[in-house]
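Work through the exercises below with the sequence and the 3D view side by side. Try each task before reading its solution.

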Amino acid sequence: MLFADDIVLIDETRVGVNERLEVWRQTLESKGFKLSRAKTEYLECKFSAEPSEVGRDVKLGSQVIAKRDSFRYLGSVIQGDGEIDGDVTHRIRAGWSKWRLASGVLYDKKVPQKLKRKFYRAVGL
């Protein structure tokens, strides 16, 4: 059985998100994929100042889908409010993590230079 991991459903016209999601589910299942109702989540991005429909539940069949404030995809953090703070924080933490990993080897006098160069290439520094 095949599973669909990442699906993006963009609704600019505000026409029935639930109906469109049901069409996606039926189409995927007709092709042999299975959409997990337990793991499915959604992120609503507010690109304009227009008020959105308050209290609208997104459902897959009869099950309400959990809403997220941010979503990590391909190394970037996408936030529903359009801010980039989460993505910047994530990238800074990743940089410091790489530095901590490399500095242990960098300052160790017992590690030969040849091995240090191989380490740097492997880590991507």
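This is a predicted model: local features need pLDDT of at least 70, side-chain atom pairs count only at pLDDT 80 or more; totals for chains, interfaces and linings use all residues.

**Exercise 1. The chain as a whole**

Task: State how many helices and strands the protein chain has, and in what pattern they follow each other.

Solution. 
- Step 1. The secondary structure of the protein chain consists of 3 helices and 8 strands.
- Step 2. Along the sequence, these elements give the pattern β-α-β-β-β-β-β-β-β-α-α.
- Step 3. Of the 125 residues in the protein chain, 18% are buried.
- Step 4. Among contacts in the protein chain with a separation of 6 or more, 46% are between residues 24 or more positions apart.

**Exercise 2. Helix H1**

Task: Compare the reach of H1 with its expected span, then find where around the helix its buried residues lie.

Solution. 
- Step 1. H1 covers residues 17-30, which is 14 residues. From first C-alpha to last it reaches 20 Å, close to the 20 Å expected at 1.5 Å a residue.
- Step 2. The buried residues in H1 are Val17, Leu21, Arg25 and Leu28.
- Step 3. Viewed down the axis of H1, these buried residues fall within an arc of 75°, so they line one face of the helix.
- Step 4. Strand S2 (33-34) and strand S4 (59-60) are what the buried residues of H1 pack against.
- Step 5. Just after H1 comes Gly32, with a positive phi of about 100°.

**Exercise 3. Helix H2**

Task: Identify the buried side of H2, the face turned away from it, and what covers the buried residues.

Solution. 
- Step 1. H2 has 22 residues and reaches 31 Å from its first C-alpha to its last, close to the 32 Å expected at 1.5 Å a residue.
- Step 2. Asp87, Ala102, Ser103 and Val105 are buried in H2.
- Step 3. Around the axis they cover an arc of only 145°, which puts them on the same side of H2.
- Step 4. The exposed residues Arg93, Trp96 and Arg100 are on the face of H2 turned away from its buried side.
- Step 5. Strand S8 (76-79) and H3 are included in what covers the buried residues of H2.
- Step 6. Take Asp87 as one case: its relative accessible area is 15%, so it is buried. Beyond four places in sequence, Asp87 touches Gly75, Ser76, Val77 and Gln79.

**Exercise 4. How H2 and H3 pack**

Task: Work out how H2 and H3 are oriented to each other, and which residues meet between them.

Solution. 
- Step 1. H2 (residues 85-106) and H3 (residues 113-123) pack at an angle of about 170°, and their axes are 10 Å apart.
- Step 2. Angles over 145 degrees count as roughly antiparallel. H2 and H3 are therefore roughly antiparallel to each other.
- Step 3. From H2, Lys98, Leu101, Ala102, Val105 and Leu106 meet Lys116, Phe119, Tyr120 and Val123 from H3.
- Step 4. By type, the residues of this contact of H2 with H3 are 7 nonpolar, no polar and 2 charged.
- Step 5. Lys116, in helix H3, is buried with a relative accessible area of 7%. Its C-alpha atom is separated by 6.7 Å from that of Val105, 11 residues away along the chain.
- Step 6. Not counting residues up to four places away in sequence, Lys116 touches Val105, Leu106, Asp108 and Val111.

Conventions. Residues are numbered from 1 along each chain as its sequence is written. Side-chain values use heavy atoms; hydrogens and water are left out. Axes are lines fitted to C-alpha atoms, for helices over the stretch in contact, and angles run from 0 to 180 degrees between N-to-C directions. Helices (H or I, at least four residues) and strands (E, at least two) are DSSP runs, numbered from the N terminus. Angles under 35 degrees count as roughly parallel, over 145 as roughly antiparallel, 65 to 115 as roughly perpendicular and the rest as oblique. Contact means heavy atoms within 4.5 Å. Ala, Val, Leu, Ile, Met, Phe, Trp, Tyr, Cys and Pro count as nonpolar, Asp, Glu, Lys and Arg as charged, and the others, Gly among them, as polar. Buried means under 20% relative accessible area, exposed over 50%, partly exposed in between (1.4 Å probe, protein chains only). The expected span of a helix is 1.5 Å times one less than its number of residues. The arc is that of the directions from the helix axis to the C-beta atoms.
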